[in-house]
Amino acid sequence: MKDIARLNMSIKVTSLDALNDQIQMEGKASSSYLAMASWCDQHSYTGSAEFFYRQANEEREHMMKIFKFINDCGGNAISPEISNINHDFSSLEEIFETALEQEIAVTNTINKIISLAKKTEDFAVENFLQWFVKEQLEEEKSMRDILDLFEVIGREGIALKLIDERIK
């Protein structure tokens, strides 16, 4: 009886697969942000460390939002296996550049899933992901704004401490 219910889930199988891939990506983003927070803690960038701890939590919340959506639609959400997290960074600026690249990658996959949902007329998935579109715009802007501080304030000495103090 349960197999019949799965066949009649409210989202398409292609969307289910793409959303499970997104769960993996969000989980990896969360772990990456934890690694960045740890690096910042080790280098006494406390503002940046707190920022990345919050980012890690947000990415986990995003993962859980997708996880719950899949299950609510009658699908089978897959818990992610996370590996290959980078813990080695050479500078605070590199961390924020990496974070921006990561956010852009997440945005691109969200857009691809929406495109797939449009193509397959999976309206529930398309509607669900609209929140993520807005969220990703905010995430990318936040990282770009922080990277702009390196241009304005500088990349060495006290400039790094001033940047760290401005990170919220």
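These entries go through helix lengths, helix packing and salt bridges.

**Ground rules.** I am reading a predicted model, where local features need pLDDT of at least 70 and side-chain atom pairs count only at pLDDT 80 or more, while totals for chains, interfaces and linings use all residues. Residues are numbered from 1 along each chain as its sequence is written, and side-chain values use heavy atoms, with hydrogens and water left out.

**Entry 1: H2.** I began with helix H2, residues 13-42 (helices are DSSP runs of H or I, at least four residues, numbered from the N terminus). Its 30 residues should span 44 Å at 1.5 Å a residue, and the end C-alpha atoms are 44 Å apart, which agrees. The expected span is 1.5 Å times one less than the number of residues. Just after H2, I found Ser-44 with a positive phi of about 65°.

**Entry 2: H3 against H4.** How do the axes of H3 and H4 cross, and at what angle? I looked up helix H3 (residues 46-72) and helix H4 (residues 92-119): their axes come within 12 Å and cross at roughly 20°. Axes here are lines fitted to C-alpha atoms, for helices over the stretch in contact, with angles from 0 to 180 degrees between N-to-C directions. That makes H3 roughly parallel to H4 (the word covers angles under 35 degrees, and over 145 counts as roughly antiparallel). On the H3 side I noted Ser-48, Phe-51, Phe-52, Gln-55 and Glu-59 in the contact, and on the H4 side Leu-92, Ile-95, Phe-96, Ala-99 and Glu-103 (contact means heavy atoms within 4.5 Å).

**Entry 3: H4 itself.** H4 has 28 residues and reaches 41 Å from first C-alpha to last, close to the 40 Å expected. Just after H4, Glu-121 takes a positive phi of about 55°.

**Entry 4: H4 against H5.** Next I checked helix H5 (residues 123-153), which packs with H4 at an angle of about 160°, the axes 9 Å apart. That makes H4 roughly antiparallel to H5.

**Entry 5: salt bridges.** How many salt bridges does a search of the whole structure find? I got seven, taking a side-chain nitrogen of Lys or Arg within 4 Å of a carboxyl oxygen of Asp or Glu. Arg-155 lies in the loop between H5 and helix H6 (158-166) and Glu-93 in H4, so the pair ties together parts that are 62 residues apart in sequence.

Key
Helix = DSSP H or I, 4+ residues; strand = E, 2+ residues; numbered from the N terminus. Parallel < 35°, antiparallel > 145°, perpendicular 65-115°, else oblique.
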